[in-house]
Amino acid sequence: MEKAIVARGLRKSFGPVAAVDGISFEVDRGEIFGFLGPNGAGKTTTVRIVNGILKPDAGTVKVLGLDVLQDPSRAKECMGVLPELANAYVDLSSWQNLMIMGKIYGVEKEARESRAEDLLRRLSLLERKDDRVRNFSRGMKQKLLFAMATISDPLILFLDEPTSGLDVQSARLIRQMIKEENEAGKTIFLTTHNMDEASQFCHRIAIIHRGKLVAIDMPNELRRTMEKAQIVEVRFARKPEHLEVLERLSGVGRIQLSGELIRLFTEDPDRTIRELVKYANSTGMKFLSLNTTQATLEDVFVELTK
Amino acid sequence: MRWDRIWSGSLVVAEKNMRIYYLKAPVVIFGVILPFFLCLAFVLGRQISLATLVPGIIGMTLFFTSSSVGPLITPWERNARTYERLLSTPLPLPAILLGDTLSGVLYGMAISFLPVVVGVTVFGASLRHIALLLGGMLAGAFTFSALGVLLSSPPTGAPSHIMMLSALVRFPLVFLSGVFLPLEKLGQMGRIVALISPLTYVVDITRAAFEGSSYYPLAIDFLLVVGYFWVFFYLATYLHGKNLARTL
């Protein structure tokens, strides 16, 4: 089956700065693909190239087999896009915003109206459909933007920070809608800073750093590939005077301090715990807590983008 | 993308612009109030027949109104963060800019009928060729509107910057174009300078519609007005595309 997205050797520079530096990836149909990276890593530029908004200096992009650079309009017909920091037309009502987007995508009147009504109902906006968007809260605007991205019932949805800045209920509702769209067979390309969201949702994740892809895999695999992927978390009654001693314990790769909590990244938690007990006995330190955990996606992200 | 989809997409963009921008303060100020007061200043205290001023007033009104919408739309959309989403739709950039142009055309045509009606009914100007007037106004509205769209191409998200630039470009053109004086009454230098302004040819057509004769052959007038439209629209498409990455 045709891949949803195939990007090959994408490059884009702004002056001397290479924003995107030879990126290649593929996204399968029906997949939720997470695209992560620190600010300024090249995420937005990459997404804009894939969306056919920006032309790359080099490379090719195909969406459902359609060449985005040669035939952007046809490729864009398959996509619904929620750009980062986008806004709806605040002088229009939510209904008018949806009708305009539907018309631009060539959705027939009947289908446009019934889909708009369905989306507004599911997003709890139907009662406010004739109100100007200017009077909407941030969460309501974001829900409307999601509806505008999906009004044409696109096969691929590009969502850039869809839940950023939303209250818990609105974020949950949007996540639920994303799941439903995916279950209906849509491919989701999700750009986010929210590691929990990415970890929970995405079938695969790509991490971009300084314009290059530094990792691309399933979330569990990414966690596993991280060197010293297990973590021993320890809290002593008082702070150890010489933390570097802990770093030299057998099997420990590095340590991380988070308040009173000391996190030791290790390949062998059993050995590290035994060493910690020895250390506590020899220094008279008292344990307040001791447990083991796996590296989180955030740990992987920090490791790969430092 | 099929041409019918591009055209219908442009109409949707025009509809969106009409709903959003027609009543925005910069459009009303630069497109309605300013030409109104210019007309007033133009008419008051002059010792010539008001009827002879009508073609110039119509041309000037059409010029200001048609070119007042275009400069606002793109900077406003950049500022309001609606531009990128519009660009992510299947509409190619020329279709979006055509929609912007159409909204300026409709605005200019609608408002410019007022001086036509007032000119005929109040000032007693005699309209000899209504089809010629409509054709000239329509061609002029497209050209002036495309000029407005071209003026919005610099990469800024501040509508006020573009409105200043557009005032800077549009005001001199009014004085260079035989609006206040018929071309034959301009000096040699004035006539040479007037050649560069598209408004010259639109006013020449409106004069022909009212007075029965034009300074230049009408075919040349129309050819140049349409030619200016294509130049403005081509440049607008090129510059908007070129500046796109810097404006998102």
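Student: Which side chain does A:Lys3 meet in a salt bridge?
Tutor: The side chain of A:Glu26 meets A:Lys3 in a salt bridge, at 3.5 Å from N to O. This pair links distant parts of the chain, 23 residues apart: A:Lys3 is in the segment before β1 (5-14) of chain A, and A:Glu26 is in strand β2 (residues 17-27) of chain A. The term salt bridge denotes a side-chain nitrogen of Lys or Arg within 4 Å of a carboxyl oxygen of Asp or Glu, and helices (H or I, at least four residues) and strands (E, at least two) are DSSP runs numbered from the N terminus.

Student: What should I know about the model and the numbering?
Tutor: The model is predicted: local features need pLDDT of at least 70 and side-chain atom pairs count only at pLDDT 80 or more, while totals for chains, interfaces and linings use all residues. Residues are numbered from 1 along each chain as its sequence is written, chains are lettered from A and ligands numbered from 1 in the order in which they are written, and side-chain values use heavy atoms, with hydrogens and water left out.

Student: What about the interface; what area is buried between chain A and chain B?
Tutor: About 2,600 Å² is buried, and carbon and sulfur atoms give 60% of that. Buried area is the accessible area (1.4 Å probe) that two parts lose on being put together, summed over both. In chain A, the residues losing the most area to chain B are A:Ile53, A:Tyr89 and A:Ile104, together 26% of what that side buries.

Student: And how many residues are in contact?
Tutor: Contact, meaning heavy atoms within 4.5 Å, involves 27 residues of chain A and 24 residues of chain B.

Student: Which helices of chain A each supply at least two residues to the side that touches chain B?
Tutor: Between the chains there are 8 residue pairs in polar contact, both residues being at pLDDT 80 or more. A polar contact is a pair of N or O atoms within 3.5 Å; within protein, one must be able to donate a hydrogen and the other to accept it, and residues adjacent in sequence count only if both atoms are side-chain atoms. The helices you ask about are α2 (72-77), α3 (94-104) and α5 (138-150) of chain A. The most comes from α3(A), with 5 residues.

Student: Changing topic, in what order do the 6 strands of the open sheet in chain A run?
Tutor: The order is β6-β7-β8-β3-β9-β10, with mixed pairing; two strands pair if DSSP finds at least two bridges between them. The edge strands β6 (79-82) and β10 (212-217) of chain A each have a single partner strand, so one side of each is left without a neighbour in the sheet.

Student: In which sense do β9 and β10 of chain A pair?
Tutor: Strand β9 (residues 204-209) and β10(A) pair in the antiparallel sense over 5 bridges. A:His209 stands opposite A:Lys212 in β10(A).

Student: What order does the sheet of 4 strands have?
Tutor: That open sheet of chain A has the order β12-β13-β11-β14, with antiparallel pairing. The edges are β12 (252-258) and β14 (287-294) of chain A, each with a single partner strand, so one side of each is left without a neighbour in the sheet. Within strand β13 (residues 261-266) of chain A, A:Leu264 is the bridge partner of A:Ile255.
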